[in-house]
Amino acid sequence: MTQAQNPFEGQRPHSAVTTARSKFKSRPHDVRNLYVSLKQWRILHAVIDCGGFAEAADYLHLSQSAVSYTIAKLQENLGIQLLKIEGRKAHLTKAGRALLDRSRHVLKEAIELELFAKHLGAGGGAEIRLAVDQNFPAQVLMQALKMFSAIADGASIRLAETAMPRAEEALRNMSVDLAIATRVPLGFLGEPLVEVEYIAVAHPDHALLKLGRDVAAADLERHIRVGAGYSSEMESGSANESGLGKRWDLSSFDTVVEAVTGCLGYAWLPKHRIRHWLECGALVPLPLRDKCVHKATLFLIHGHPSSATPAASCLAEVLRNLSAPNAMASRSNESWQQGDHA
């Protein structure tokens, strides 16, 4: 007669399981059940950021009922009210605001972890996405990329030259690994990299250079100031001129130079980018009464500081070393002597 098989044969007794757990001293988050998913937090973010359930549904390509059910389930699982409906708008409660801010960090960390895993899988062929302020010295940037290519193991570079609003947007969308910008967005860490000097210039035939005296703020107010749209904060606020006189916002730095050399107005421009025009006399510094120049600091910002790849960290170190104050000063003097306007 065949002996009946014990259904519990081969299974460890409950006491053994308990002993194993205590032996490894599991942390609370290793054994605690999770009732809220990242998807639920993402849908909550969409409801708040888009301004309502219908708008969030359109943005996420979901039905409005699916969005409403997810939010209701999220509140049920948490045991707390996150939203209150006023009219057709959903507003955060005090508790909802506190949880929203923390959940954004959780979702960001999860995305960074996933990106980090993809970078590890790519190995030496990883791609570094770099956003650089349009006024960062091009000579320094090219030297950094040249040095990096000599030591990087097959990494590729995707470079975008942009102005601050777009650089900040790229950082918040987590679409860049490194950025060089004039402002460090809230929630990111940045380190000073270089200082850019701006000077006020005009064409030699411009009326401001025909006054026969120093130029005062009242004189500037009567003339057109030319600037690039989405330019740096320093350029847009130079000489405390905000709101004074007419301002023409053009599409690019090259267009601004064309306008100023065409005697259409004056501009505050980064000195290192206009040295060619200064040397040939197409642009002349304005004799301002206070003899002022203005400086803006460009910061190096990690898009994924907690999951930076070795390649991104290597490029950051190269940029950091090349942009050291002494190195910048020597390169600045050299480029001035050679007439290189980068």
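Four helices, α3 (38-50), α4 (53-60), α6 (94-122) and α8 (164-172), each contribute at least two residues to the lining of the largest pocket in this structure, which is a predicted model. The largest share of that lining comes from α6, with 6 residues. The volume of the largest pocket is about 790 Å³. Of its 20 lining residues, H45, D49, R104, L107 and R172 are the closest to the centre. Sorted by class, the lining consists of 10 nonpolar, 4 polar and 6 charged residues.

Is V226 buried or exposed? V226 is buried, because its relative accessible area is 1% and the term applies to values under 20%. Leaving aside residues up to four places away in sequence, V226 is in contact with W248, L250, V256, A259, V260, G265, Y266 and A267.

H61 is not a glycine, yet its phi is positive, at about 60°. C263 likewise has a positive phi, about 70°, and is not a glycine either. H61 is found in the loop between α4 and α5 (64-78), whereas C263 is placed in the loop between α11 (253-261) and β9 (267-270). The table sets out the values for both residues.

| Residue | Phi | Relative accessible area |
|---|---|---|
| H61 | about 60° | 71%, exposed |
| C263 | about 70° | 31%, partly exposed |

H61 counts as exposed because its relative accessibility is 71%, and the cut-off for that class is over 50%.

The last topic is the aromatic rings. A pair of aromatic rings is described by the distance of the centres and the angle of the planes. How many aromatic pairs does a search of the whole structure find? The search finds 0 aromatic pairs. A charged residue does, however, sit over a ring: R273 is placed over the face of F253, at 3.8 Å from the ring centre.

Terms used:
Residues are numbered from 1 along each chain as its sequence is written. This is a predicted model: local features need pLDDT of at least 70, side-chain atom pairs count only at pLDDT 80 or more; totals for chains, interfaces and linings use all residues. Side-chain values use heavy atoms; hydrogens and water are left out. On a 1 Å grid over the protein atoms alone, a cavity is a set of points where a 1.4 Å probe fits but cannot get out, and a pocket is an open set with protein on both sides within 12 Å along at least five of seven lines; lining residues have an atom within 4 Å of a point. Grid points are joined across faces, edges and corners, and a volume is the space filled by probe spheres set on the points. Ala, Val, Leu, Ile, Met, Phe, Trp, Tyr, Cys and Pro count as nonpolar, Asp, Glu, Lys and Arg as charged, and the others, Gly among them, as polar. Rings of Phe, Tyr and Trp (its six-membered ring) pair if their centres lie within 6.5 Å; planes under 30 degrees apart count as stacked, over 60 as edge-to-face and the rest as tilted. A charge sits over a ring if NZ of Lys or CZ of Arg is within 6 Å of the ring centre and within 35 degrees of the ring normal. Buried means under 20% relative accessible area, exposed over 50%, partly exposed in between (1.4 Å probe, protein chains only). Contact means heavy atoms within 4.5 Å.
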